[in-house]
Amino acid sequence: MNARFVAIAVVAVGMAAWLGLRGCESEAEARVTATLEALALAAEAGDGDAIHDHLAADYRDRLGHDAEGLTRRILAERELWDRWDVQLDGLRVEVDEDAGFAKASFRPVFEGEPAEGTRRKPYRFRDGQRVTVELRRHGDRWLVHRAGMGLSLRDAL
């Protein structure tokens, strides 16, 4: 057996196990999930460059944020916490690989220690309130193109 075949087999088995453990149906779904998890970690760390790195250059949302504005908004929320853990509760991902488009929804759960002496309280998502994120494929990366908040009756009941 040649070494190249063995290496390819090991990588294929490793990728299949990784996808299976993550509960993802495809490599694209796993990459979208990884992008959103990396974005949450960047927010937790207050790393503006890493946050911005996961946003498409033409990012826009219905509140008027562009990529810079959303990065500033996330960093402003981060400043309200001494320790911040962001969980993507109930993450659902749909990927159209042919179109290079993905849609994800989740309820952000913020846990940690709010900073003392802040004027406003950290935002808490209510039951049923979800964030919907649209992503586009850029080469081998998935970038957030649009995001918004809404209320899911299914999750609120």
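Author: Welcome! pLDDT is the predictor's confidence in each residue, on a scale from 0 to 100. This is a predicted model, in which local features need pLDDT of at least 70, side-chain atom pairs count only at pLDDT 80 or more, and totals for chains, interfaces and linings use all residues. Residues are numbered from 1 along each chain as its sequence is written, and side-chain values use heavy atoms, with hydrogens and water left out.

Reader: What is the mean pLDDT of the chain?

Author: Of the residues in the chain, 80% reach a pLDDT of 70 or more. The mean pLDDT of the chain is 83.

Reader: Which element has the lowest mean pLDDT?

Author: Helices (H or I, at least four residues) and strands (E, at least two) are DSSP runs, numbered from the N terminus. Among the elements, helix α3 (residues 48-53) has the highest mean pLDDT, 97, while the lowest, 44, belongs to helix α1 (residues 3-22). Where pLDDT is low, the predicted coordinates should not be read in detail.

Reader: In what order do the four strands of the open sheet come?

Author: Two strands pair if DSSP finds at least two bridges between them. The pairing here is antiparallel, and the order is β1-β2-β3-β4.

Reader: How many bridges join strand β3 to β4?

Author: Strand β3 covers residues 129-138 and runs antiparallel to β4. One of its residues, Thr132, has Gly148 in β4 as its bridge partner. The number of bridges joining β3 to β4 is 10.

Reader: Is Ser105 buried or exposed?

Author: Ser105 is found in strand β2. Contact means heavy atoms within 4.5 Å, and, leaving aside neighbours within four places in sequence, the contacts of Ser105 include Gly90 and Thr132. Buried means under 20% relative accessible area, exposed over 50%, and partly exposed in between (1.4 Å probe, protein chains only). Because its relative accessible area is 15%, Ser105 is buried.

Reader: Which residue forms a salt bridge with Asp58?

Author: A salt bridge is a side-chain nitrogen of Lys or Arg within 4 Å of a carboxyl oxygen of Asp or Glu. For Asp58, the closest N and O atoms are 3.0 Å apart in its pair with Arg136. This pair links distant parts of the chain, 78 residues apart: Asp58 in the loop between α3 and α4, and its partner in strand β3. The partner of Asp58 is Arg136.
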